[in-house]
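Here's a quick tour of how the inside of this protein is put together. Have the sequence and the 3D view open as you read.

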Amino acid sequence: TCCGQPAFNAGFTEDAKAVARRFLDVFAGEDPIVVPSGSCGAMVRNFYLELFHDEPETLAKVRQVAGRLYEFSEFLVDVLHRDDLAAKMSGSATYHQCCHLLRELGIDAQPKSLLASVEGLEMREMEQSEVCCGFGGTFAVKFPEISTAMLNDKLDYAIATGADTLVAGDATCLMHLEGGVRKRGDTLQLKHLAQVLDEATSTDGVAS
């Protein structure tokens, strides 16, 4: 179920609340909640507090759910203490530091340590890896020219590394970046961290 961020970012507070309440109901319980998106994670852990600031009863649910919610790499490294999965993969990659993952959740070392542990995968640092890719949800719709310029800069920096693959921890960034790659006709592959680790822990360790 959606966390409600699209409506929240667009200023539709009541719509966002309706979706967020459903999220809180769906994920009620005691088990850890793992999300493959820094953006969704930031919405629940940070912005739900703003969304329901004047509803004490709902805020209690927010704190309970948010306290059990972890971003994918954060869960592996900080909760399971698994920063080395005995993974193997040939090739080279560069890593894009997604905005909400880095700035809102403060997650940086965890995905990097997981990627660095993959035997045979050469990690290449791109210039301005921490700079936004230009998506920003509704930002890309409201300011397409600026968004596209930022996108092209990000892809140029990634391609300049000579890496085969651009890895990120947020599906929305990857969607935006892959759209740019297709439009430009670049050969760069786009993969989520979870996809890389899945392939690298398969029997052959060869990226598809």
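Predicted model: local features only at pLDDT ≥ 70, side-chain atom pairs only at ≥ 80, totals over all residues.

Residues are numbered from 1 along each chain as its sequence is written, and side-chain values use heavy atoms, with hydrogens and water left out.

L166 and Y48 have the most contacts inside the largest nonpolar core, which has 55 residues. Such a core is a set of buried Ala, Val, Leu, Ile, Met, Phe, Trp, Tyr and Cys residues joined through side-chain atoms within 4.5 Å, with buried meaning under 20% relative accessible area (1.4 Å probe, protein chains only). Its largest share, 6 residues, comes from helix α3 (residues 38-51).

## α2 against α3

Helix α2 (residues 13-26) and α3 cross at roughly 125°, their axes coming within 11 Å. That angle makes α2 oblique to α3 (oblique covers whatever is left once under 35 degrees is roughly parallel, over 145 roughly antiparallel and 65 to 115 roughly perpendicular). On the α3 side, the contact uses V44, Y48 and L51; α2 brings T13, A16, K17, A20, F23 and L24. By class, that's 7 nonpolar, 1 polar and 1 charged residues.

## α7 against α11

Helix α7 (residues 109-116) packs on helix α11 (residues 193-200) at about 25°, with axes 11 Å apart, so α7 is roughly parallel to α11. P111, L114 and L115 of α7 meet L193, V196 and L197 of α11.

Notes: Buried < 20%, exposed > 50% of the residue type's maximum accessible area, 1.4 Å probe, protein only. Helix = DSSP H or I, 4+ residues; strand = E, 2+ residues; numbered from the N terminus. Axes fitted to C-alpha atoms, helices over the stretch in contact; angles between N-to-C directions. Contact = heavy atoms within 4.5 Å. Nonpolar A, V, L, I, M, F, W, Y, C, P; charged D, E, K, R; others polar.
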